[in-house]
Every structure is written in structure tokens, then in C-alpha cells.
Amino acid sequence: MVVCRGGSWGAIPTRADLFFSGVWVGESGTFAVANILTNEVPRAAIVQLDHGSAQMRQLDDVQLGVVWGTGPTIFAAGSQVVTEGERTQHLGIVVWSRDRGQTWTATRPGTGEIVAIGGTGSLLHVLA
């Protein structure tokens, strides 16, 4: 991952198999979402960037594309592979942390892949 600080660009070492798709910088810090390039089960990562280092939380069966936050709360969204009987589908998923990325909770709002999120205060808008 490449970042700009003080007018100059620099690299933050991350895993070579990460495909980044979104970044958010706010009161809680800098968070990026990435998908792990694999031929196996879909996997995503939420990466917290802090002073030149990267801490990663991995989520199985999930692909993430967007990240957004307000105050201490961070939201990331995308899709989750769900198989019911012989039917496999990608349903929208939102994961969030209310404690600056220490713990994460997930919900599936019952939509297709989520491609954008945003909001104001306690209201979250999701585009699927």
C-alpha cells in the first residue's frame, strides 16, 4: 500500500496477496479494506494503518469493497457467499466496529453486493 505524508509518497509493507479496494481516514485512524487473492474460499481483510505499520483482521467467506466511518465507528461492506441447499448467492454484508477497530460485528441486510456506504450521525446509507 502506498500513502502520502507531508507531500512525499511512501510504501507501507503489507501482504503481497492483498487487493485493496477502499480506504477511509477519520477520527478513529486510517482503515483500508482488501480482498485476499485466492482460488479457495473468498476472504477479505480490514487493515488498520498506524504510523507506518499495518494490522490486519481477516474475514472468511466475505469480499469487501468499501469502508467509511463516523466518530469512533467504522463500517466496511461488500458481499458474503451464502449457500442454501444447492443455491449459492452473494448477499450484502456490513461489518462495523464501535471501538476504533478492536472488535467487529456483522449483519446481512438482505441485499445484493454493497458497493457504497455513507451516512450522517446514526443514519447509515447503503447502496446495493
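## Basis and overall composition

Helices (H or I, at least four residues) and strands (E, at least two) are taken as DSSP runs and are numbered from the N terminus. This is a predicted model, in which local features need pLDDT of at least 70 and side-chain atom pairs count only at pLDDT 80 or more, whereas totals for chains, interfaces and linings use all residues. Residues are numbered from 1 along each chain as its sequence is written, and side-chain values use heavy atoms, with hydrogens and water left out.

The protein chain contains zero helices and 12 strands. Of its 128 residues, 34% are buried, where buried means under 20% relative accessible area, exposed over 50% and partly exposed in between (1.4 Å probe, protein chains only). The chain exposes about 7300 Å², of which carbon and sulfur atoms supply 51%; such accessible areas come from the Shrake-Rupley method with a 1.4 Å probe, and for residues only the protein chains shown count as cover. Among contacts with a separation of 6 or more, residues 24 or more positions apart account for 33%, a contact being heavy atoms within 4.5 Å.

## A four-stranded open sheet

Four strands form an open sheet in the order β3-β4-β5-β6 with antiparallel pairing, two strands being paired if DSSP finds at least two bridges between them. Its edge strands, β3 and β6, each pair on one side only. On average, neighbouring strands of this sheet are turned by 20° against each other, direction ignored; the axes behind this value are lines fitted to C-alpha atoms, for helices over the stretch in contact, and angles run from 0 to 180 degrees between N-to-C directions.

The antiparallel strands β3 and β4 are joined by eight bridges, and V25 has T30 in β4 as its bridge partner.

## V66 and its surroundings

V66 belongs to strand β7, which covers residues 62-70, and is buried at a relative accessible area of 15%. Leaving aside residues up to four places away in sequence, V66 touches V33, F75, A76, A77, V115, A116 and I117. The C-alpha atoms of V66 and V23 lie 7.4 Å apart, although the two residues are 43 positions apart in sequence.

## Salt bridges

The whole structure holds two salt bridges, each defined by a side-chain nitrogen of Lys or Arg within 4 Å of a carboxyl oxygen of Asp or Glu. In one of them, R100 pairs with E27 at 3.0 Å between the closest N and O atoms. R100 lies in the loop between β9 (87-97) and β10 (105-107) and E27 in the loop between β3 (18-26) and β4 (29-36), so the pair ties together parts that are 73 residues apart in sequence. R100 is partly exposed at 37%, while E27 is exposed at 56%.

D60 and R43 form a salt bridge with an N to O distance of 2.9 Å. The pair links D60 in strand β6 (residues 53-60) with R43 in strand β5 (residues 43-50), 17 residues apart. Both residues are partly exposed, D60 at 43% and R43 at 21%.

## Aromatic pairs

Two aromatic pairs are present; rings of Phe, Tyr and Trp (its six-membered ring) pair if their centres lie within 6.5 Å, and planes under 30 degrees apart count as stacked, over 60 as edge-to-face and the rest as tilted. F31 and W104 are edge-to-face, with 6.4 Å centre to centre and 75° between the planes. F31 lies in strand β4 and W104 in the loop between β9 and β10, so this pair ties together parts that are 73 residues apart in sequence. F31 is buried, with a relative accessible area of 1%.

W68 and F75 are stacked, at 5.8 Å centre to centre and 20° between the planes. W68 is buried at 16% relative accessibility, and F75 is buried at 11%.
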